[in-house]
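Thanks for coming, everyone. Please bring up the model on your screens. I'll take you through a few places in turn.

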Amino acid sequence: CYQQWCTAFIEQVIGAPAIVVGGSMGAAMSLVLAAEHPEHLIGVVALEPPFQSRGRRNPYQNHVQVHGGLHNGAYVRGLMSPTSPIEDRRRASWIYSQGGPGVYPGDLAFYSDEFDGAETAPRIDAARTPVALLSGNYDYSATPADGAKLAHLIPGALHLVMEGLGHFPMTEHPDNFRPYLMQGLEHVVSKTELKGA
């Protein structure tokens, strides 16, 4: 369903192949799209891509006796860099405290239970669909080692380790994140230009 929604959005809203930038479960989905629907993509920038991030779901995320907003907001705080600005970390946590019942566990059903980088990554042709993998060094859910494993299985992919960033780089420290994002986008664009030459 998630994959169908993404491909429908590209087809019906964008109307042309796109560079997909996805974070966390969006990073996993961007890699699935590169493997299964490269015709819809110019390239991929995967932020905090997991390899096999098992165990991220727990029974308290959607438990009748636990306040989901309080639990989920606190649950994601440990994924962020302690060097990121506190107000930005609080904002990232606040986003997770706002989800409706079952939303976050539903996201994690794909991210933690279904996605397997060992199966998806080898099916990606980075010569056709350029890939940049960006891993924060404070992320224990989608670690720099995970990004390196994915890069090894996707010859030609760029892997950057983002110093001082965690699982939500675009929210927890946008200024620190921007140069890494630009490097990832430049990689995709440069490979696309070479392909077209």
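Start at Gly 136, which lies in strand 3. A strand here is a DSSP run of E, at least two residues, and a helix is a run of H or I, at least four residues, numbered from the N terminus. Gly 136 is buried, with a relative accessible area of 0%. Buried means under 20% relative accessible area, exposed means over 50%, and partly exposed is in between, with a 1.4 Å probe and protein chains only. Leaving aside neighbours within four places in sequence, Gly 136 is in contact with Glu 48, Pro 144, Met 162, Leu 165 and Gly 166. Contact means heavy atoms within 4.5 Å. Val 161 is 25 residues from Gly 136 along the chain, yet their C-alpha atoms are separated by 5.8 Å.

A word on the source. This is a predicted model, where local features need pLDDT of at least 70, side-chain atom pairs count only at pLDDT 80 or more, and totals for chains, interfaces and linings use all residues. Residues are numbered from 1 along each chain as its sequence is written, and side-chain values use heavy atoms, with hydrogens and water left out.

What is the order of its four strands? The order is 1-2-3-4, in an open sheet with parallel pairing. Strand 1 (18-23) and strand 4 (158-162) stand at the edges with a single partner strand each, so one side of each has no neighbour in the sheet. On average, neighbouring strands of this sheet are turned by 15° against each other, direction ignored. Axes are lines fitted to C-alpha atoms, for helices over the stretch in contact, and angles run from 0 to 180 degrees between N-to-C directions.

Two strands pair if DSSP finds at least two bridges between them. Strand 1 and strand 2 run parallel, joined by six bridges. Here Val 21 stands opposite Val 45 in strand 2. Strand 2 (residues 41-47) is mostly covered, with six of its seven residues buried. Strand 3 (residues 131-136) and strand 4 also run parallel, with five bridges between them. Ser 135 stands opposite Val 161 in strand 4.

Next, the helices. Helix 7 (residues 144-153) lies across strand 3 and strand 4, at about 165° to strand 3. His 187 lies in helix 9 (residues 174-196). Is His 187 buried or exposed? His 187 is buried, at a relative accessible area of 12%. Apart from neighbours within four places in sequence, its contacts are Val 131, Ala 132, Gly 156, Ala 157 and Leu 158.

Last, the largest pocket. A pocket is an open set of points on a 1 Å grid over the protein atoms alone, where a 1.4 Å probe fits, with protein on both sides within 12 Å along at least five of seven lines; lining residues have an atom within 4 Å of a point. The volume of the largest pocket is about 400 Å³. That volume is the space filled by probe spheres set on the points, with grid points joined across faces, edges and corners. Of the 23 lining residues, the closest to the centre are Ser 24, Tyr 96, Tyr 104, Asp 107 and Phe 168. Which helix gives the most to this lining? Helix 5 does, with five residues.
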